[in-house]
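Subject: Structure handover

Hello,

Here is the structure you will be working with.

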Amino acid sequence: MSAAASAPSVSRPRQQAPTWQADRDCKSCTKCKSPFSFFVRKHHCRHCGFIFCEECSAKTCSIPQFDINTPVRVCDDCFTTVKRTNFDFNI
């Protein structure tokens, strides 16, 4: 993914795991735009592959479509998408 790529405003269900955004291409959180530093760490969303700060990717869930059956870190938007895709409305 290029530095010009940005996370979609509405997360969509995916059928296969994404290629992760390269760490070198991202200097701030994809959602809140907080700059990364020694104290603000980078975290990849396992559903969309974009990079977020801890606050914007604090949720976890399994992603059965990717054969991930244990909870993994996802961004806030993907959390809602994955939960709805898996017919789990107890968000």
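Accessible areas here come from the Shrake-Rupley method with a 1.4 Å probe, and for residues only the protein chains shown count as cover. On that basis the chain exposes about 5900 Å², of which carbon and sulfur atoms supply 51%.

Before the details, some notes on the source. This is a predicted model, in which local features need pLDDT of at least 70 and side-chain atom pairs count only at pLDDT 80 or more, while totals for chains, interfaces and linings use all residues. Residues are numbered from 1 along each chain as its sequence is written, and side-chain values use heavy atoms, with hydrogens and water left out.

Overall layout

Helices (H or I, at least four residues) and strands (E, at least two) are DSSP runs, numbered from the N terminus. The chain has one helix and four strands, and from the N terminus on the order is β-β-β-β-α.

A residue is called buried under 20% relative accessible area, exposed over 50%, and partly exposed in between (1.4 Å probe, protein chains only). Of the 91 residues of the chain, 35% count as buried. A contact means heavy atoms within 4.5 Å. Among contacts between residues at least 6 apart in sequence, 42% join residues at least 24 apart.

The nonpolar core

In soluble globular proteins, nonpolar side chains tend to be buried together. A nonpolar core is a set of buried Ala, Val, Leu, Ile, Met, Phe, Trp, Tyr and Cys residues joined through side-chain atoms within 4.5 Å. Which members of the largest core touch the most other members? They are Cys45, Cys48, Phe52 and Val74, out of 19 residues in that core. At least two residues of this core come from each of β2 (51-52), β3 (59-63), β4 (68-74) and α1 (76-85). The largest share, three residues, is supplied by α1.

Leaving aside neighbours within four places in sequence, Cys45 is in contact with Trp20, Phe50, Phe52, Arg73, Val74, Cys75 and Cys78.

Cysteines without disulfides

How many disulfides does a search of the whole structure find? It finds zero, a disulfide being a pair of cysteine sulfur atoms within 2.5 Å. Cys26 is buried, at 4% relative accessible area, and Cys61 is buried at 3%.

His44

His44 lies in strand β1 (residues 43-44). Is His44 buried or exposed? His44 is buried, with a relative accessible area of 11%. A polar atom of the His44 side chain lies 2.8 Å from the backbone oxygen of Gln21. Not counting residues up to four places away in sequence, His44 touches Trp20, Gln21, Asp23, Gly49, Phe50, Ile51 and Arg73.

Salt bridges

Side chains of opposite charge can pair when their charged atoms come close. A salt bridge is a side-chain nitrogen of Lys or Arg within 4 Å of a carboxyl oxygen of Asp or Glu, and by this rule the count comes to two.

One of them joins the side chains of Asp76 and Lys31, at 3.6 Å from N to O. This pair links distant parts of the chain, since Asp76 is in helix α1 and Lys31 is in the segment before β1, 45 residues apart. Asp76 also forms a salt bridge with Lys59, where the closest N and O atoms are 3.6 Å apart. Lys59 lies in strand β3 and Asp76 in helix α1, so this pair ties together parts that are 17 residues apart in sequence. Through shared partners, the salt bridges join Lys31, Lys59 and Asp76 into one network.

Asp76 counts as buried at 18% relative accessibility, whereas Lys31 is partly exposed at 42% and Lys59 is partly exposed at 35%.

Positive phi angles

Lys33 is not a glycine, yet its phi is positive, about 70 degrees. Lys33 sits in the segment before β1 and counts as exposed at 52% relative accessibility. Asp67, in the loop between β3 and β4, has a positive phi near 65 degrees and is likewise a residue other than glycine. Asp67 is exposed, with a relative accessible area of 62%.

Regards

Key:
A polar contact is a pair of N or O atoms within 3.5 Å; within protein, one must be able to donate a hydrogen and the other to accept it, and residues adjacent in sequence count only if both atoms are side-chain atoms.
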